[in-house]
Amino acid sequence: MGATFVVTLREAFEAALLLGIVYSYLERVGARAQYHWVTLGGVLGLLASVLAGLAVTFLSGPLLDLGPDLVAAAVMFFAVALLTWHGWWMRQHARAVKGDVQRRIDEARATQRLWIVALVAFTGVFREGAETVLFLWGLMSQTTISSWGGVTGGVLGVVVAAVLGWAIFRGGRQLSLPRFFAATSVLLVVVAAGLFSTGIGKLIGLGFIPAGDPLWDSSGLLDDHSVVGGFLSGLTGYRARPTAPEVIGYIVYLVGAGLLLFTPRTAAPATDAARPSAGALS
Amino acid sequence: MTRRLTAAFLVAIAAVVLATAARAADPKEIPITIENNRFSPEEIKVKAGEPFVLVVTNKDKAPEEFESKDLRIEKVVPAGKTMKIRVRALKPGTYPFVGEYHEKTAKGRIIAE
């Protein structure tokens with residue numbers, strides 16, 4: 001039971017984290033009425049996962065040998081672009097709401113951009129969704145009386161991930177607004193850097209990028225096969241034996257996104273705080 | 001913005017497709033079977049420096065995920081199916097792999113020499 005619990009918790013946690021963040025983000029910018037965008041994205045992500053699971057199971061042919069890997073790699077880089085963009089967008093809000101007591105945003109204009117949160121929810125769920133669906137399905141189809149523990153563990157893993165997502169949502173509501181934006185921006189950048197590096201790793205695995213020797217071996221310190229290492233590898237892209245392209249990709253993304261999202265804007269006009277939506281949504 | 005994102009997505013896919021087309025064809029195929037949540041054979045010897053293809057057949061009634069952290073491979077093999085997994089040219093060494101859905105029993109290693 002423990003083993004299946006860890007697998008599904010690990011697979012579902014990233015989705016839960018992203019859903020928790022985008023829900024609380026909407027709450028914080030006063031767009032609670034727009035929750036359905038996130039819900040829609042999440043549900044579509046789940047549907048796509050089931051469809052992908054069915055496709056892998058029932059289709060066959062050469063397309064299937066490489067297809068899922070290509071989709072997985074594309075989804076990873078797409079998610080990186082999306083998370084970066086969402087971070088950028090949040091930053092605009094963070095600047096706009098600074099000193100604005102009512103933290104009102106121009107909802108009508110915000111709505112035009114809300115499909116981004118829907119897409120974040122979609123990719124968050126879809127990225128590991130098909131795997132989780134297949135895993136749970138496999139557990140259930142194999143079920144004998146002795147293996148019910150495995151099924152219970154698998155389902156429990158998803159439930160606990162959802163509870164953690166909910167806790168992140170609640171926690172996000174407790175933070176002050178600047179702290180909320182700062183904390184979630186850092187978190188999203190770390191997740192995105194991990195995804196970027198994992199995407200590069202995927203291309204290395206497929207032979208598209210030369211691997212070279214691992215730069216170091218920290219498996220003695222923290223093995224990526226261990227429970228903690230596995231979580232870190234899913235969430236932050238940790239590798240015990242990383243190659244140069246992965247490390248360089250990670251650093252380049254971190255520096256690039258850091259410059260984009262965290263450097264103070266010296267020339268920010270003073271009217272920004274007074275007109276919250278002016279710079280935020282253009 | 002929608003267009004820009006779609007463009008980025010298409011560029012990513014195009015890059016991957018081009019890279020696929022550019023690769024050398026027909027590396028050696030090595031069969032491996034999953035049965036009763038175990039790999040057979042559990043040890044595979046390959047020539048270092050030559051890419052190869054693992055032909056993984058899952059004879060069990062549940063899907064399995066072939067995973068090797070070192071090789072950066074994660075691939076679901078549905079019940080009763082055979083999947084081809086391309087593996088890059090390896091330096092001499094031992095590369096462990098597992099069946100992620102049954103990690104306790106499904107273990108093996110590739111030895112490149």
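B:Ile30 stands opposite B:Leu54, a residue of strand β4(B). The two strands concerned, β1 (residues 28–35) and β4 (residues 52–58) of chain B, pair in the parallel sense over 7 bridges. Here, strands pair if DSSP finds at least two bridges between them. Helices (H or I, at least four residues) and strands (E, at least two) are DSSP runs, numbered from the N terminus.

This is a predicted model, in which local features need pLDDT of at least 70 and side-chain atom pairs count only at pLDDT 80 or more, while totals for chains, interfaces and linings use all residues. Residues are numbered from 1 along each chain as its sequence is written, and chains are lettered from A, with ligands numbered from 1, in the order in which they are written.

**The sheets of chain B**

Let us start with the sheet that holds β1(B) and β4(B). It is an open sheet of 4 strands with mixed pairing, in the order β2-β1-β4-β7. Its edge strands are β2 (38–40) and β7 (82–87) of chain B, each pairing on one side only. Neighbouring strands are turned by 30° against each other on average, direction ignored. For such angles, axes are lines fitted to C-alpha atoms, for helices over the stretch in contact, and angles run from 0 to 180 degrees between N-to-C directions.

Another open sheet in chain B has 5 strands in the order β3-β9-β8-β5-β6, again with mixed pairing. Here the edges are β3 (43–46) and β6 of chain B, and each pairs on one side only. The twist averages 20° from one strand to the next.

| Strand pair | Sense | Bridges | Residues opposite each other |
|---|---|---|---|
| β1(B) and β4(B) | parallel | 7 bridges | B:Ile30 and B:Leu54 |
| β8(B) and β9(B) | antiparallel | 6 bridges | B:Thr94 and B:Ile111 |

Together they form a hairpin with 4 residues between them, and B:Arg72 in the turn has a positive phi of about 60°.

Is strand β6 (residues 73–77) of chain B mostly covered or uncovered? It is mostly covered, with 5 of its 5 residues buried. A residue is buried if 20 or more other C-beta atoms lie within 10 Å of its own, exposed if 12 or fewer, and partly exposed in between, with C-beta atoms placed from the backbone. Both faces of β6(B) are covered: B:Ile73, B:Lys75 and B:Val77 lie on one side, with B:Glu74 and B:Val76 on the other.

**The helices of chain A**

Chain A has 10 helices and 0 strands. Of its 282 residues, 44% count as buried. Among contacts in chain A with a separation of 6 or more, 84% come from residues 24 or more positions apart. Two residues are in contact if their C-beta atoms, placed from the backbone, lie within 7 Å.

Two packed helices are described by the angle between their axes and the distance between the axes. The axes of α5(A) and α6 (residues 148–174) of chain A come within 9 Å and cross at roughly 155°. That makes these two helices roughly antiparallel; the cut-offs are under 35 degrees for roughly parallel, over 145 for roughly antiparallel, 65 to 115 for roughly perpendicular, and oblique for the rest.

Which residues of α5(A) meet α6(A)? They are A:Thr132, A:Phe135, A:Leu136, A:Leu139 and A:Met140, and they meet A:Gly150, A:Val151, A:Gly154 and A:Val158 in α6(A). By class, this contact has 6 nonpolar, 3 polar and no charged residues. Ala, Val, Leu, Ile, Met, Phe, Trp, Tyr, Cys and Pro count as nonpolar, Asp, Glu, Lys and Arg as charged, and the others, Gly among them, as polar.

**Where the chains meet**

32 residues of chain A are in contact with 31 residues of chain B. On the side of chain A that touches chain B, the elements giving two or more residues are α1 (2–28), α2 (35–58), α3 (62–97), α5 (115–141) and α7 (177–205). α3(A) gives the most, with 9 residues. This side divides into 17 nonpolar, 9 polar and 6 charged residues.

B:Arg86, found in strand β7 of chain B, touches residues of both chains: A:Leu206, A:Gly207, B:Pro51 and B:Val53, not counting residues up to four places away in sequence. B:Arg86 counts as partly exposed because it has 19 C-beta neighbours inside 10 Å.
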